Amino acid sequence: MSVQVTVRPGALARLLRLRNGPVERRLRERTRRVADIAAREAPGSMGDYVDWRVENGPRGLRGVVVCNHHAVRFVLDGTRPHLIRPRRRNTLRFQIGGRVVYSKLVRHPGTKANDFMKRALEKGR
């Protein structure tokens with residue numbers, strides 16, 4: 001018994017680019033998984049701002065995971081030690097250990113980088 005298989009490259013390429021085709025479904029699944037991991041790994045309420053989508057890119061379909069929180073760059077890159085001064089009033093007001101404290105200047109020690117997006121990508125593979 002002999003079997004002959006003919007592969008038509010044009011038909012195969014159309015199948016791979018087809019909306020809701022097998023390639024796009026797999027890409028959506030993987031992108032959603034990475035976004036879910038990123039949302040869990042994100043500090044505080046930052047995970048609520050993680051979103052994902054599949055879009056056409058220059059080389060075909062691509063999965064995109066984004067975080068639209070206003071402070072995401074400070075979390076991903078960390079911050080150096082810096083001074084915090086009041087902007088609108090003469091003093092800063094905050095709580096330490098349940099009591100209210102006033103100060104004209106705060107020496108912030110900086111924060112360590114927390115690249116939760118990269119960790120999510122590595123875990124989601």
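Predicted model: local features only at pLDDT ≥ 70, side-chain atom pairs only at ≥ 80, totals over all residues.
## Basis of the values

Local features need pLDDT of at least 70, side-chain atom pairs count only at pLDDT 80 or more, and totals for chains, interfaces and linings use all residues. Residues are numbered from 1 along each chain as its sequence is written, and side-chain values use heavy atoms, with hydrogens and water left out.

## Overall shape

The protein has 125 residues and a radius of gyration of 24 Å. A compact globule of that length would come near 14 Å. The radius is taken over C-alpha atoms, and the globule rule is 2.2 Å times the number of residues to the power 0.38. Along the principal axes, the C-alpha atoms fill a box of roughly 90 × 25 × 20 Å.

Of the 125 residues, 23% count as buried. Buried means under 20% relative accessible area, exposed over 50%, and partly exposed in between (1.4 Å probe, protein chains only). The accessible surface is about 10200 Å², and carbon and sulfur atoms hold 50% of it. These areas come from the Shrake-Rupley method with a 1.4 Å probe; for residues, only the protein chains shown count as cover.

## Secondary structure and contacts

The protein has four helices and six strands. From the N terminus, the order is α-α-β-β-α-β-β-β-β-α. Helices (H or I, at least four residues) and strands (E, at least two) are DSSP runs, numbered from the N terminus.

Contact means heavy atoms within 4.5 Å. Among contacts with a separation of 6 or more, 52% link residues 24 or more positions apart.

## Salt bridges

A salt bridge here is a side-chain nitrogen of Lys or Arg within 4 Å of a carboxyl oxygen of Asp or Glu.

R62 is partly exposed at 41% relative accessible area, and E55 is partly exposed at 22%. Elsewhere, salt bridges that share partners join R26, E29 and R33 into one network. R33 is partly exposed at 30% relative accessibility. E29 is partly exposed too, at 39%.

K123 and E41 form another salt bridge, with the closest N and O atoms 2.6 Å apart. K123 lies in helix 4 (residues 116-123) and E41 in helix 2, so this pair ties together parts that are 82 residues apart in sequence. E41 counts as partly exposed, with 23% relative accessibility.

Strand 4 (residues 92-96) and strand 5 (residues 99-103) run antiparallel, joined by five bridges. Two strands pair if DSSP finds at least two bridges between them. Q95 stands opposite V100 in strand 5. The hairpin has two residues between its strands, and G97 takes a positive phi near 60 degrees.

## A buried glutamate

Is E24 buried or exposed? E24 is buried, with a relative accessible area of 1%. This glutamate sits in helix 2. Which residues does E24 contact, leaving aside its neighbours within four places in sequence? They are L18, R19, V54 and L61.
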